[in-house]
Amino acid sequence: MYRMGKEEVLELEKLIETKKLFKTESVLKESRQVEEKLGKLFDTKYPIFMTSGHAGLVSALVGMGIGPGDEVIVPAYTYIATAMAVVAVGAMPVIVEVNETLTIDPEDIRKNITPHTKAIIPVHIQGFPCDMKSIMEIAREHNIFVLEDACQADGGHFQGKRLGTIGDAGALSFNYYKIVSSGEGGALLTDSREIYERALIYHDSSAVAFFGDQLNGFSTKEFCGHEFRSNELCAAVMNIQLDRLDSILKSLRDSKKYIMDSLKGIAKFAPSNDIEGDCGTTLAFRFDTAEEAEQFAQNIGGTVPINTGKHVYRNWTAIMEKRGAFNPLMDPFKMEANRDIVPDYRPDMCPKTLDYLSKVVYVGTGCDHTPESLERKLADIKKALGK
Ligand SMILES: Cc1ncc(COP(=O)(O)O)c(C=O)c1O
């Protein structure tokens, strides 16, 4: 979260004065407003505001009809929530390499497609756009779904289109660490009526059934799902945060560009699939050796992504050790339907990913720079590089 202030407080005050905090009975209809804004900002037909990005991912997979017997391709470098979403619907996550852009490697996607593959989840990690052109080509060739995990990339673009709206569905996160935030929160974006109907029922099944008019015109019959319904307090905050989104992105992108341009010939950066669309949150310095990366990280107070815990596949303990549910009968890794497709996960199975992640250092761009603070940042980076 980069900017938050009086406007959010005023919106919350207005809402609290109404004392109507339940989505369906709200007077101010904050959640509805968030969805309308998402629809306009992202040019997407069916946005659903929810409790979290994970809820968005799971609901989208349900909407795609994915379940036991299906494989879903995920990158080896993403937050564990991506892979857990696949297990949550009973399917098997197939873990593939990222390339030097630190996003999923289209070549490795190709190598891992089998007759069981039903979807690919490209993850726009740290706001770095995936190569959506290649990914969409592969998906269309093999008739499989694409679910974009844009949880770390709210509002970013690939070739002029918002991340999360290029595939069949996308998920955004609004948790505390994200570009815009309501503390917790997320959204599903889709243009598919089928995915939308199933996801709407799944994400709020008891309220949808209780307030039955939400199902008017649906061709999908109600079924049992979860309670991932948004709340009006978060929605009030998100309403304002969404108004701020593009100006936050502009500040981040301008600062990142200035720093990268100023360091031409001095520093190397991880290549980008679309530097214009990149969210600008993170400078990704690239080094020839892991030792150089560690040294620079220490000098500048940056992060080597190999050290980011549950973002690296080999640290996804529950997945690597195949504990897909507490009750064994509900564990997808033990289900008959998955018998022939349970992957063989090994800590060293994605060596390229481990190599890239150990030779990069992340430095946060910072959002509200003055010309002076930006120059100071640049000077600090040069000093840390020994230049
Ligand atoms: C790449 C990625 N996917 C999914 C999620 C899940 O988002 P949430 O915490 O809103 O459930 C996160 C959260 O940090 C994430 O970084």
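Reply: A polar contact is a pair of N or O atoms within 3.5 Å; within protein, one must be able to donate a hydrogen and the other to accept it, and residues adjacent in sequence count only if both atoms are side-chain atoms. The backbone oxygen of Asp 168 and a polar atom of the Thr 190 side chain are 2.8 Å apart, so this pair lies within the 3.5 Å limit. The model is a predicted one, in which local features need pLDDT of at least 70 and side-chain atom pairs count only at pLDDT 80 or more, while totals for chains, interfaces and linings use all residues. Residues are numbered from 1 along each chain as its sequence is written, and side-chain values use heavy atoms, with hydrogens and water left out.

Me: Why is Thr 190 called buried?

Reply: Buried means under 20% relative accessible area, exposed over 50%, and partly exposed in between (1.4 Å probe, protein chains only). Thr 190 has a relative accessible area of 2%, and is therefore buried. Its place is in strand β9, residues 186-190; a strand is a DSSP run of E with at least two residues, a helix one of H or I with at least four, both numbered from the N terminus.

Me: What makes Lys 256 buried or exposed?

Reply: Its relative accessible area is 7%, so Lys 256 is buried. Lys 256 belongs to helix α9, residues 232-262. A polar atom of its side chain is 2.7 Å from the backbone oxygen of Thr 282.

Me: How is His 157 classed, buried or exposed?

Reply: With a relative accessible area of 18%, His 157 counts as buried. His 157 lies in strand β6. Its C-alpha atom is 16 Å from that of Pro 271, which is 114 residues away along the chain.

Me: Which class of accessibility does Gln 159 have, buried or exposed?

Reply: Gln 159 has a relative accessible area of 57% and is therefore exposed. Gln 159 sits in the loop between β6 (157-158) and β7 (161-162). Its phi is positive, about 45°, although Gln 159 is not a glycine.

Me: Which side chains have an N or O atom at a stated distance from a nitrogen or oxygen atom of the ligand?

Reply: A ligand nitrogen is 2.7 Å from an N or O atom in the Asp 149 side chain. Ligand oxygen atoms are 2.8 Å from such an atom in the Gln 152 side chain and 3.0 Å from one in the Asn 175 side chain.

Me: What does the shell around the ligand contain, by class?

Reply: The shell has 5 nonpolar, 9 polar and 2 charged residues. Ala, Val, Leu, Ile, Met, Phe, Trp, Tyr, Cys and Pro count as nonpolar, Asp, Glu, Lys and Arg as charged, and the others, Gly among them, as polar. The largest share of the shell, 3 residues, comes from α3.
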